[in-house]
Amino acid sequence: MEAGILALTTYMSYYKAVEIWDYQNRMIELSDSSWEHIRESHPEITLEEVQGVLADPLEVRESPRQNFVELFYQAKAHPEGKTRFSVVVVKVLEGGLFVSTAMTTNALKSGRTVYRKGEVQ
């Protein structure tokens, strides 16, 4: 299956999630509540951007504070020519992978590099 958004899935009448496949072909769930948080707190991030960062990251790092959290980064065009990154925060739990939040940042955070685009894994 290709990386990307598969479907809007209704688990219960009031709980919806978007299923997104990452660069390793792992299904990651973006719940309505997480998407609502992203839209309200980080309106510069689009759903297509979340999907693109997960499907084709520049780099993925393990969070230095929580080893069950992965930070997916992708370079983002900035009108002033400054380097900015889109980052999608994914919790890797026993029950699955879940988007926690997404935002822009000016630097990649510290943490063990899990994946770097162009490097043989």
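This is a predicted model: local features need pLDDT of at least 70, side-chain atom pairs count only at pLDDT 80 or more; totals for chains, interfaces and linings use all residues.
Residues are numbered from 1 along each chain as its sequence is written, and side-chain values use heavy atoms, with hydrogens and water left out.

Helices (H or I, at least four residues) and strands (E, at least two) are DSSP runs numbered from the N terminus. In helix H1 (residues 32–41), the buried residues are Ser34, Trp35 and Ile38; buried denotes under 20% relative accessible area, exposed over 50%, and partly exposed the range in between (1.4 Å probe, protein chains only). Viewed down the axis of H1, these buried residues fall within an arc of 100° and therefore line one face of the helix, the arc being that of the directions from the helix axis to the C-beta atoms. Exposed residues Ser33 and Glu40 are carried on the face of H1 turned away from its buried side. The buried residues of H1 pack against strand S3 (27–31), helix H2 (47–55) and strand S7 (96–105).

A nonpolar core is a set of buried Ala, Val, Leu, Ile, Met, Phe, Trp, Tyr and Cys residues joined through side-chain atoms within 4.5 Å. The largest such core comprises 18 residues, and those with the most contacts inside it are Val50, Leu54, Phe72, Val88, Val90 and Val99. At least two residues of this core come from each of strand S2 (15–21), S3, H1, H2, strand S6 (84–93) and S7. Apart from this core lies another, of six residues, including Leu71, Phe85, Val87 and Val89. Beyond its neighbours within four places in sequence, Leu54 has contacts (heavy atoms within 4.5 Å) with Ile20, Trp21, Asp22, Tyr23, Ile28, Phe72, Val88, Val90 and Val99.

Three aromatic pairs were found in the whole structure. Rings of Phe, Tyr and Trp (its six-membered ring) pair if their centres lie within 6.5 Å; planes under 30 degrees apart count as stacked, over 60 as edge-to-face and the rest as tilted. Tyr23 and Phe72 form an edge-to-face pair, at 6.0 Å centre to centre and 70° between the planes. Because Tyr23 lies in the loop between S2 and S3 and Phe72 in strand S5 (residues 69–76), this pair ties together parts 49 residues apart in sequence. Phe72 is buried, with a relative accessible area of 0%. The rings of Tyr23 and Tyr115 have centres 4.3 Å apart and planes at 35°, so the pair is tilted. With Tyr115 in strand S8 (residues 113–116), the pair ties together parts 92 residues apart in sequence. Tyr115 counts as buried at 14% relative accessibility. Tyr23, Phe72 and Tyr115 form one aromatic cluster.
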